[in-house]
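Subject: Structure handover

Hello,

Here is the structure we spoke about, for you to look at before you read on. My notes come after it.

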Amino acid sequence: MQHRAPRNAPGRHRRTIPLHSHRAPREPIAEKGRYAVAAALVAGVGVTGVAAASDGSTPARAVARANSQASVTPSPSLTSSPSPATSVAPTAATSATPSAAGLTQKAAASVASAVAAGAEPDGQPFVAQRRKVKPLPQWVHPMPEGTVTSCFGQRWGRLHAGLDLAAPTGTPIRAVGKGVVVSAGPAEGYGNAVLIDHGNGYLTHYGHLSVITATVGQRVEAGDQIGGEGSTGHSTGPHLHFEVHEGSYQNPIEPTRWMHEHGVDIAGCATFEA
């Protein structure tokens, strides 16, 4: 029979058995501070490297700059302060270089101011292009829609003193050139007729009009309407009887040659060969 010493006996040595745990031991506060400083240095070197690439610095110079900034700047808190990448101020190179949008706005403003000042975008003075005005003809066809039905010459035993042009009733009749209306109204066999003095020694006569739109004393230009084609007077159908007189009225000449000499050709009469 063994005699065991009672617990807590004065001469008995008690062995301490440590408790087993799967949790890693906590890091000392000093170690955590060193890790925070290291993380700040790494982030600072990365941002400074980007800034150095933009202003042409070498990687070694960027690292040295990061170390110098870390030595004078206290380590930021990892929980409350923003990361160095978001708080780094722009470098002198990036702040001095305008953005692409700024350049575009500046160029547009420059072009707008140049145009407003009367200059082309390339700096050349702006000259407004004048629209070319086609000069009005001095002489025109009296009724270009008409067809020649009778020419100047002998007809039925008497002189046919003009040129006949047939067209539907009311077709506009125009003054062949500028001049002054010296007669406008009924004229015996001519029916309604208009006589124009062109001031160059020649007069033109228009007969058988259905209506007269010109008045005595009126100044007309080449192409102005003086009436409408008709069949008044001694006429067998709607047509214009056109005459040219040299020097004074009742001195008719062949009209197609005279019109050709003034730049207007009326085809259909064999009495004139161009």
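Predicted model: local features only at pLDDT ≥ 70, side-chain atom pairs only at ≥ 80, totals over all residues.

Strands around β8

Strand β8, residues 202-212, pairs with strand β7, residues 192-197, in the antiparallel sense, over five bridges. In this pairing Asn 192 sits opposite Leu 209 of β8. β7 and β8 make a hairpin with four residues between the strands, and there Gly 199 has a positive phi near 75°.

β8 also pairs with strand β10, residues 225-229, again in the antiparallel sense, through three bridges. Val 211 faces Gly 228 of β10 in that pair.

A further partner of β8 is β11: the two run antiparallel and are joined by six bridges. Two of the facing pairs can be named. Tyr 202 stands opposite Glu 246 in β11, and His 205 stands opposite Glu 243 in β11.

Strand β11

β11 covers residues 240-246. Leu 163 is found opposite Phe 242 of β11. On to β12: this strand, residues 252-253, pairs antiparallel with β11 over two bridges, and Val 244 lies opposite Ile 253 in β12. β11 and β12 form a hairpin with five residues between them, and in its turn Gly 247 has a positive phi of about 85°.

Is β11 enclosed or open to the outside? Six of its seven residues are buried, so β11 is largely enclosed by the rest of the structure.

In soluble globular proteins, nonpolar side chains tend to be buried together. Here the largest nonpolar core holds 24 residues, and Ile 196, Tyr 206, Ile 226 and Leu 240 have the most contacts inside it.

Ile 226 is worth a look on screen. Leaving out residues up to four places away in sequence, Ile 226 touches a set of residues that includes Ile 173, Val 194, Ile 196, Tyr 206, Leu 209 and Val 211.

The largest pocket

The largest pocket contains about 620 Å³ of space. Its lining is made up of 22 residues, and Arg 155, His 160, His 208, His 234 and His 241 lie nearest its centre. By type, the lining residues are seven nonpolar, ten polar and five charged. β3 (158-160), β4 (163-166) and β11 each supply at least two residues of the lining. β3 gives the most, with three residues.

His 160 is part of strand β3. Is His 160 buried or exposed? Its relative accessibility is 6%, and because buried means under 20%, His 160 counts as buried. With neighbours within four places in sequence set aside, His 160 is in contact with Ser 150, Cys 151, Phe 152, Gly 153, Gln 154, Arg 155 and His 241. Two of these, Arg 155 and His 241, are also among the residues nearest the pocket centre. His 160 and Glu 243 are 83 residues apart along the chain, and 9.7 Å separates their C-alpha atoms.

Regards

Terms used
Residues numbered from 1 in each chain as written. Heavy atoms only, no water. 1 Å grid on protein atoms, 1.4 Å probe; cavity = no way out; pocket = protein on both sides within 12 Å on 5 of 7 lines; lining within 4 Å. Points joined across faces, edges and corners; volume = space filled by probe spheres on them. Nonpolar A, V, L, I, M, F, W, Y, C, P; charged D, E, K, R; others polar. Pairing = 2+ DSSP bridges. Core = buried A, V, L, I, M, F, W, Y, C linked by side-chain atoms within 4.5 Å. Buried < 20%, exposed > 50% of the residue type's maximum accessible area, 1.4 Å probe, protein only. Contact = heavy atoms within 4.5 Å.
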